[in-house]
Amino acid sequence: MHLPEIDKYAHLDSPLHSWDPRVKIVSLFCLILSMVLASNLLVAGLGLMLAVALVFLSRIPFGFVFLHLRWVMLFVLLFFIIMPLTVSGEEIARFHFLSISRRGLELASLIGLRAFSAVLLVFPMIGTMKFSSTTAALQRLKLPNKLVQMIIFTYRYIFVALDEMGRMFMAARARGFRSGTNLHTLKTVGNLIGMLFVRSYERTEHIHRAMVSRGYDGTLRVLDEFALAKKDFLKAALVVALALGLYFAGWTL
Amino acid sequence: MKEAVRIENLHYTYPEGTQALKGISLRIYEGESVGIIGPNGAGKSTLLLHLNGILPAAGQGEGRVVALGEEIRRNDKRIRSDIGFVFEDPDEQLFMPRVFDDVAFGPLNMGLSGEEVKARVKDALRAVNLAGFEERSPHHLSAGEKRAAAIATVLSMRPQILVIDEPASDLDPRSRRNIIHLLNTFRMTKMIATHDLDMVLEVATRCILLDEGKVIKDGPGEEVLKNRELLEAHGLEMPLSLLLRSQNF
Amino acid sequence: MHIADGVLSVPVWTGCLAVTAAITGVSLRKMKAEDTPRIALMTSAFFIASLIHIPMGPTSVHLILNGLVGIILGPLAFVAILVGLILQAVLFKHGGITTIGANTVMMGLPAVGAYYLFRLHRLFKFRVSAGIFGALAGGVAVFLGAVILALLLVTTGSEFIVVAKLAVWAHLPVMVIEGLIAAFVVTFLKQVKPEMLGA
Ligand SMILES: Nc1ncnc2c1ncn2[C@@H]1O[C@H](COP(=O)(O)OP(=O)(O)OP(=O)(O)O)[C@@H](O)[C@H]1O
Ligand SMILES: [Mg+2]
């Protein structure tokens, strides 16, 4: 198993990388909103083009982006298979007893365009900075401190748990475990998961101890390393204007 | 010599009923480097945890621990920035996704200014030879680097007493050598619990042998470590370097 | 079962976001300082465990585990699931940004339900009662999740009725697998670390 590292390309240099994390998150969130609200195919298509352009601008390799689109593709595919066949409306094609409706096809396409645009924008939004900058920005944006802490610690220990899980599966395989569609597989996996939970549970006390001994009182403090410049607001104005443009284009087009 | 730590008749029983410490009394002076040795389950870690007041409050205990002139109680929530505690597993000491944030964690909780925090992080990382590792993630560090980073997380608090549990377990010879070298560069009072008796010989001026929750022997490092019968009676082996010397190689 | 961006209607996803924010607000206030690292560590364990694929005939399914999250974390499971979903959306692009609320409602409410269902096992004294209630809680949590998913889709528009029905059907085998896994995990924990089950 391998965990994708969202901030693998945080070290690159682009207008998105140099953008203040807080302003970047808020502005691109507005853009995501405008994509999700796209009410017709033309606007949604424009949105997708804009999203692709922003990924391009971020210099994050398309290969990396593409690898992460698996889930959205599966999700959208489901709608593409079902909606054209089941939504009633003008028939545009017919194969034997299957009739394809225009409305169903349009609806599925709209969903697909919106879903892909939104997901693509996550790369310029989060992939252009270290994850620690993202969480620091979320904290500055007044997300509850405890929630941010949980995101930070969970993220950190995902990697530890992954190693542990890998080792446990390896040990199980070394003792002849092969997974298949049977009760034995479920039982083995259940025990391995149980073991993983126990290890994590036992670790919490130690970690809490290590935190308390360095002065932790329940609140996480981070250094304010952000500095706003005029450029940050210019970029924000541009992106928010695009978002509004898309939104109002939906009314008129 | 000024006293750094005084432990008087310390007892502790875990909530599950294990009697881990059975009447420990010790005095440690400023600038001393004390190696604490003993077989598994001897009570080394439990003893060290008392210096931080972070043992389960449900446990039963009696006795007193005074560090730097102040009595330490169990579950004392005050910030003890003058006692730096490095735990056994670096993955439990490094709980932030970035080395910088881990090393800055203590200083930020001490309420230091941004500039001061940054300066301390820089110094601490330089002191453990990890200058430039600020942006790295702990899960991308080698075991030796993790160990060093874990030490940096408490150095940044500028402690007067450094307490370390098992600083060199699962390190390769070179990383172990680096840690020994590091420990020897630190001038503060040190208390180091370990099974690595050769390391004790190199970093400690004094050695305390614990077993079954009691102090069995307390004396200058080499003197304790040379006592082969004593060590073997408590499940330990004489350090290889001394063994070789005693057999006149 | 994660909903991506762009499907749900605005009232549906904003409504779910509001529900999530409200429950999260209350939960965070109830959380003690030492709960934070505990919930976070368990969340990372759940996160990794949910990457496990269970072979099912020619294909495989990955685990959801929301029932187990509830059994182990109680009402705080809701926040744990929110955090897990945020990270899944960011790391795997599984789920969505605007649908964080909908996905959390869909998996988190059944998780809390599973907790109360599982607690009933204490009323029974026979030896395997924990395992049986674990299975029930694990299975029911998945089923309720699928039902909420269907409701969200149907509320969005009548065009989604078939997709919604299909989603519920598709979750039936998953429900069985999740129930069995939950039973085995609970039985294991009962032996090894009963205090994790609130004993
Ligand atoms: N959290 C705990 N709960 C219950 N008992 C414990 C706990 N930690 C330690 N003990 C018990 O207390 C005794 C002393 O343990 P301690 O960890 O202090 O020994 P140690 O000398 O550090 O051993 P090691 O060399 O294995 O690290 C042991 O019998 C151990 O089983
Ligand atoms: Mg120990």
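Student: Which residue has a polar backbone atom 3.0 Å from an oxygen atom of ligand 1?
Tutor: This is a predicted model, and the distances discussed here are computed from it. An oxygen atom of ligand 1 has a polar backbone atom at 3.0 Å, and the residue that contributes this backbone atom is G43(B).

Student: Which residues come nearest to ligand 1, and which side chain places an N or O atom 2.6 Å from an oxygen atom of ligand 1?
Tutor: There are 13 residues around ligand 1, and those that come nearest are N40(B), K44(B), S45(B), T46(B) and H195(B). Among them, T46(B) has a polar side-chain atom 2.5 Å from an oxygen atom of the ligand. The side chain with an N or O atom at 2.6 Å from a ligand oxygen is that of H195(B).

Student: Turning to the assembly, which chains make the most contacts?
Tutor: Chain B and chain C can be set aside, since they do not touch and their nearest C-alpha atoms are 9 Å apart. There are 2 pairs of chains that touch, and the pair with the most contacts is that of chains A and C.

Student: How much area is buried between chain C and chain A, and what share of it do carbon and sulfur atoms give?
Tutor: The contact brings together 65 residues of chain C and 73 residues of chain A. On the chain C side, L41(C), L91(C) and K93(C) supply 12% of the area that this chain buries against chain A, more than any other three residues. The area buried between the two chains is about 6200 Å², and the share from carbon and sulfur atoms is 85%.

Student: Which residue of chain A forms a salt bridge with E159(C)?
Tutor: The interface of chain C and chain A holds 2 salt bridges, along with 6 residue pairs in polar contact. In the salt bridge of E159(C), the closest N and O atoms are 2.1 Å apart, and the partner is R103(A).

Student: Which helix gives the most residues to the side of chain C that touches chain A?
Tutor: On that side of chain C, 6 residue pairs in polar contact reach across to chain A. Several elements supply at least two residues each, including helix 1 (10-30), strand 1 (53-56) and helix 7 (161-192) of chain C. With 14 residues, the element that gives the most is helix 2 of chain C. By class, this side of chain C divides into 49 nonpolar, 9 polar and 7 charged residues, and the helix asked for is helix 2.

Student: For the contact between chain A and chain B, which three residues of chain A supply 29% of the area that chain A buries?
Tutor: This contact takes 28 residues from chain A and 36 residues from chain B. The buried area is about 2900 Å², with 60% of it from carbon and sulfur atoms. The three residues that supply 29% of what chain A buries here, more than any other three, are R156(A), R214(A) and L223(A).

Student: Which residue of chain B forms a salt bridge with R203(A)?
Tutor: Across the interface of chain A and chain B there are 4 salt bridges. For R203(A), the closest N and O atoms of the bridge are 3.2 Å apart, and the partner is E92(B).

Student: Within chain B, why do strand 2 and strand 5 each have one side left without a neighbour in the sheet?
Tutor: In chain B, 4 strands form an open sheet with antiparallel pairing, in the order 2-1-4-5. Strand 2 (19-29) and strand 5 (70-71) of chain B each have a single partner strand, so one side of each lacks a neighbour because both stand at the edges.

Student: Which residue in the turn between strand 1 and strand 2 of chain B has a positive phi?
Tutor: Strand 1 (residues 3-13) of chain B runs antiparallel to strand 2 of chain B, and 8 bridges join them, with V5(B) standing opposite I28(B). The two strands form a hairpin with 5 residues between them, and the turn residue with a positive phi, of about 110°, is G17(B).

Student: In the hairpin of strand 9 and strand 10 of chain B, which turn residue has a positive phi?
Tutor: Strand 9 (residues 206-211) and strand 10 (residues 214-220) of chain B pair in the antiparallel sense over 6 bridges, and the bridge partner of D211(B) is K214(B). This hairpin has 2 residues between its strands, and the turn residue with a positive phi, of about 50°, is E212(B).

Key: Residues numbered from 1 in each chain as written. Chains lettered and ligands numbered in written order. Predicted model: local features only at pLDDT ≥ 70, side-chain atom pairs only at ≥ 80, totals over all residues. Heavy atoms only, no water. Contact = heavy atoms within 4.5 Å. Buried area = accessible area lost by both parts, 1.4 Å probe. Salt bridge = Lys/Arg side-chain N within 4 Å of Asp/Glu carboxyl O. Pairing = 2+ DSSP bridges. Polar contact = N/O pair within 3.5 Å; in protein donor to acceptor, adjacent residues only side chain to side chain. Nonpolar A, V, L, I, M, F, W, Y, C, P; charged D, E, K, R; others polar. Near = heavy atom within 4 Å.
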